Amino acid sequence: MSLSVVASRPAVAVRGLVRRYGARTVIAGLDLTIERGEFVALLGESGCGKTTLLRALSGLDPIDGGAVDAPRRPAVVFQEHRLLPWDSLWRNVSLGQPENGARERAAGALAEVGLGERLDDWPRNLSGGQAQRVALARALVQEPELLLLDEPFAALDALTRLKMQALVKELVARHRPASCSSPTTSTRRSRSPTACC
Amino acid sequence: MSLAEDRASVPVAGSSAAPRRRPAKAPAGGPSKRASRQALAALSWAAPVAFLIVWETLCRSGYVAPQILPAPSKVALTAWKLATTGSLFHDLGVSLLRAATGFTIGGALGFALGVAVGFSRVAEAAIDRSVQMVRAVPFLAALPLTIIWFGVGETQKIFLVSLGVLFPIYVNTVLGIRQVDPKLLELARVQGLSAWTTIARVILPGALPSVLTGVRYALAVAWLALVVAETVGAQAGLGFLAMDAREFLRTDVIVLTIVIYAAIGAGSDAIARLLERRLLRWHPNYAEGAR
């Protein structure tokens, strides 16, 4: 599924990445290239550095060696939904977006994840799966070049997780964020290039 | 007793008498539940009403001299007289204005200091220790000093109220800002929010529940400060009314001012709770129906 829209430059190019926590080296010399439109799943047991890699790619953490070339502002969906409890759903989705027409764009994104009727609802009224769908809408509304999913469905039950994975697949196919990397130990959809760490 | 009825009576556990009298067909959450809730509400008023009746009876039968404690009916009559012919509303207004002014000054100062310390480690190093040291002093202990500084005029009372209000607002503002979920701050970075937007959209709303707790506490402190300041010396206000009445053994007026202080305290608490319900609608603990 590595159909490249712009074949010239990969979306993500990691060369010799090193990441340490104190004396412990979590990532030692990782090379990774992700083409535009590519869907990469990271597999590995917990604590092996999947989240560490994503945090390096998203620029949240500094790196201790090597080079990371990634879009400046990737969209991230975290393991927890991280919705602002004091903002309505549409305000959450448009967080960081220009004010102009924010509500309309948020409405569009919420409709895509099947919550178009709940624009003015509070996050506390959502189930776990619904909250993660809003988090997904918040990522999509940014029209990101790179979408990073850090086990966003790990806390959901198996059935909801399957539905969510199908939804992500559909949305990624529609929006084609140049690349999309999702570490999850249980996904069987890793038919795309896989990087293990 | 049917299962459905059994379930219906669970939320009102403790009032087992009411549901049992209903027929077994009563729908869950139906009239039986409402009736028992009313019974509980009536029961909760029984003790205060009984207390008033006993008080009234003791006074009327002469067991308690009016100079010691006037009958409730006498207090009500005095309230009516003072309200229609006397200076009750003027004194009430003077007291309310003092409280409001002191609350505004002390609250604004406490909030400003709290925001500065909450956001900046430098401000914390510069300010926090001093504030905590002053806070350790029971602020009413400063009363004789404030009388020497300001006399017994308005400034002294407003100063004392401000001093009492400042600390609860300060402490809770700092706490609220420091307790904002770091995961949400990380989200703000990922979403590319500016520093100002992060403060306005993430930090201040996150600190609000704690700040409002401070406001509620500060309202109680403001009244305490005012009662003390007015009782020690004033030319107008509720405290003046009470001290003036003491000279003439007018216990009915004194009891009346105590009742008014209590009513205002309850009123300001209700305002604080209304603020919480309005501003914290998103919060599960303050949502409609939550208790």
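In chain A of this predicted model, residue A:A13 has a bridge partner in strand β4(A), and that partner is A:D69. The strands behind this pair are β1 (residues 12-21) of chain A and β4(A). They run in the antiparallel sense and are joined over four bridges.

Now widen the view to the sheet. It is open and has three strands, in the order β2-β1-β4 (chain A). The pairing is antiparallel. Strands β2 (24-34) and β4 (65-69) of chain A stand at the edges, and each has a single partner strand, so one side of each is left without a neighbour in the sheet. Neighbouring strands of this sheet are turned against each other by 25° on average, with direction ignored.

An unreviewed UniProt entry lists residues 92-272 of chain B as "domain: ABC transmembrane type-1". In the model, this stretch is 86% helix and 0% strand. Its end C-alpha atoms are 20 Å apart. The unreviewed UniProt entry also lists several spans of chain B under "transmembrane region", among them residues 187-208 and 220-241. Take residues 187-208 of chain B: the span is 82% helix and 0% strand, with end C-alpha atoms 19 Å apart. Residues 220-241 of chain B are 77% helix and 0% strand, and there the end C-alpha atoms lie 21 Å apart.

How do the helices of chain B pack? Two packed helices are described by the angle between their axes and the distance between the axes.

Start with helix α8 (residues 154-178) and helix α10 (residues 195-232), both of chain B. They pack at an angle of about 160°, with their axes 7 Å apart. Angles over 145 degrees count as roughly antiparallel, so that is the term for α8(B) and α10(B). Their crossing is right-handed. The contact of α8(B) with α10(B) has 22 nonpolar, eight polar and two charged residues.

The second pair is helix α5 (residues 88-119) and helix α11 (residues 238-247) of chain B. Their axes come within 7 Å and cross at roughly 130°. α5(B) and α11(B) are therefore oblique to each other. From α5(B), the residues B:D91, B:L92 and B:S95 meet B:L238, B:F240 and B:L241 in α11(B). By class, this contact has four nonpolar, one polar and one charged residues.

On the α4(B) side, the contact is made by B:K74, B:V75, B:T78 and B:A79. On the α12(B) side, B:D252, B:V253, B:V255, B:L256 and B:V259 take part. The classes are six nonpolar, one polar and two charged residues.

Finally, look at where the chains touch. How many residues does the contact take from each chain? There are 15 from chain B and 13 from chain A. On the side of chain B that touches chain A, the elements giving two or more residues are α9 (182-190) and α10 of chain B. The largest share, six residues, comes from α9(B). The residues on this side of chain B divide into eight nonpolar, three polar and four charged.

Conventions. Residues are numbered from 1 along each chain as its sequence is written. Chains are lettered from A and ligands numbered from 1 in the order in which they are written. This is a predicted model: local features need pLDDT of at least 70, side-chain atom pairs count only at pLDDT 80 or more; totals for chains, interfaces and linings use all residues. Two strands pair if DSSP finds at least two bridges between them. Axes are lines fitted to C-alpha atoms, for helices over the stretch in contact, and angles run from 0 to 180 degrees between N-to-C directions. UniProt positions are given in the numbering used here, feature names are shortened, and annotations may be inferred rather than shown by experiment. Angles under 35 degrees count as roughly parallel, over 145 as roughly antiparallel, 65 to 115 as roughly perpendicular and the rest as oblique. A crossing is left-handed if the near helix is turned anticlockwise from the far one by less than a right angle, and right-handed if clockwise. Ala, Val, Leu, Ile, Met, Phe, Trp, Tyr, Cys and Pro count as nonpolar, Asp, Glu, Lys and Arg as charged, and the others, Gly among them, as polar. Two residues are in contact if their C-beta atoms, placed from the backbone, lie within 7 Å.
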